[in-house]
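Hello,

Here is the structure for you to look over. My notes follow below it.

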Amino acid sequence: MTSTSAKSDPAASFEPYRRRLLGLAYRMLGSMSDAEDAVQDTYLRWHGVDRDKVLDPRAFLMTTTTRICLDMLTSARARREEYIGPWLPEPVVDTAALAPDSRTELAEDLSIALLLTLDRLSPLERAAFLLHDVFDFSFSEVAKALDRSEAACRQLATRAREHVRAARPRGATTPVTRSGEIDAKHKQLMSAFVAATRSGDLNTVTQLLASDVRLVTDGGGKATAALNVLDGADHAAQFLVGATRKGWRDNFTMRFATINGLPGVIVDAPEGPVQTAAFDIDGDVIRALYVVRNTDKLQHLALRQ
């Protein structure tokens with residue numbers, strides 16, 4: 001518990017919880033920029049509250065962030081209905097900065113597959129599941145955070161858990177080491193894939209894709225992308241080769257990166273990042289490819305000068 005003297009400094013007493021709050025907000029919202037706004041709003045409320053009367057700062061701050069995110073999800077869902085094409089979460093490369101400081105099964109899972117599953121839940125299901133199954137809140141604490149009964153929160157989390165378990169077999173693997181280093185074999189496969197798409201080698205691209213591959217491209221109306229999810233190697237390969245032929249520029253550069261725990265690449269232009277691609281690899285083939293081209297979601301990935 002934070003001491004009274006420590007609580008007198010709002011910034012110092014808030015900082016130990018920042019990573020946990022940011023991790024919760026990102027999982028709730030699927031956006032780093034929105035998550036940072038939610039955490040800043042939480043800090044402002046912490047700054048303004050009588051902190052000496054807060055018995056459990058962790059519970060207070062997590063509850064505050066959860067409620068802010070629930071409010072933000074209401075407006076976000078309205079905007080989502082007008083979103084052009086498939087939606088993907090904002091890609092993150094530093095998953096350690098969003099770790100929840102718990103040892104739950106899903107504590108380190110920031111995979112795109114999981115985030116897409118969370119996005120299909122109701123806001124309350126999402127909150128109950130994250131607080132209990134990821135951030136290790138008791139159902140008593142969850143009930144206070146959501147202003148619901150413990151029984152209702154158990155039901156919310158159970159329904160969410162069933163959806164997550166059903167969706168996890170696809171995209172459940174995370175072939176990146178804890179150090180964040182991408183396996184040399186995966187680098188080789190991604191390099192071959194990029195080279196084939198750039199050269200227009202449709203046959204090689206098709207062979208590197210699983211027959212039932214899923215390609216999701218998020219342009220958000222800001223950049224060229226498929227307006228629907230593409231299933232199957234033939235459709236995906238044709239789209240990728242055509243899009244690369246039309247869109248690749250000589251001043252683009254590519255760098256490897258761990259994207260939401262998956263091996264991936266970031267494509268940079270002189271003005272900043274223009275694309276990320278996260279590869280879900282199974283053996284020697286790509287079974288899912290998540291491409292973000294909406295530049296609004298890429299600015300935080302700019303190379304530090």
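The buried residues of α10 are H186, L189, M190, F193, V194, A196 and T197. They sit on the same side of α10, because they cover an arc of only 165° around the axis. Bear in mind that this is a predicted model.

The face turned away from the buried side of α10 carries exposed residues: A184, Q188 and S199. The helix has 16 residues. From first C-alpha to last, α10 reaches 22 Å, close to the 22 Å expected at 1.5 Å a residue.

Both ends are worth a look. At the start of α10, a side-chain oxygen of D183 comes to within 2.7 Å of the backbone nitrogen of K185. After α10 comes G200, with a positive phi near 80°.

Now the rings. The count is four aromatic pairs. One of them is F14 with Y43: the ring centres are 5.2 Å apart and the planes stand at 70°, so this pair is edge-to-face. F14 belongs to helix α2 (residues 10-14) and Y43 to helix α4 (residues 32-48). The two are 29 residues apart, so the pair links distant parts of the chain. F14 and Y43 are both buried.

F193 is in helix α10 (residues 184-199) and F279 in strand β5 (residues 272-282), so the contact ties together parts 86 residues apart in sequence. F193 is buried, at 4% relative accessible area. F279 is buried too, at 1%.

Best wishes

Key:
Residues are numbered from 1 along each chain as its sequence is written. Side-chain values use heavy atoms; hydrogens and water are left out. Rings of Phe, Tyr and Trp (its six-membered ring) pair if their centres lie within 6.5 Å; planes under 30 degrees apart count as stacked, over 60 as edge-to-face and the rest as tilted. Helices (H or I, at least four residues) and strands (E, at least two) are DSSP runs, numbered from the N terminus. Buried means under 20% relative accessible area, exposed over 50%, partly exposed in between (1.4 Å probe, protein chains only). The expected span of a helix is 1.5 Å times one less than its number of residues. The arc is that of the directions from the helix axis to the C-beta atoms. A polar contact is a pair of N or O atoms within 3.5 Å; within protein, one must be able to donate a hydrogen and the other to accept it, and residues adjacent in sequence count only if both atoms are side-chain atoms.
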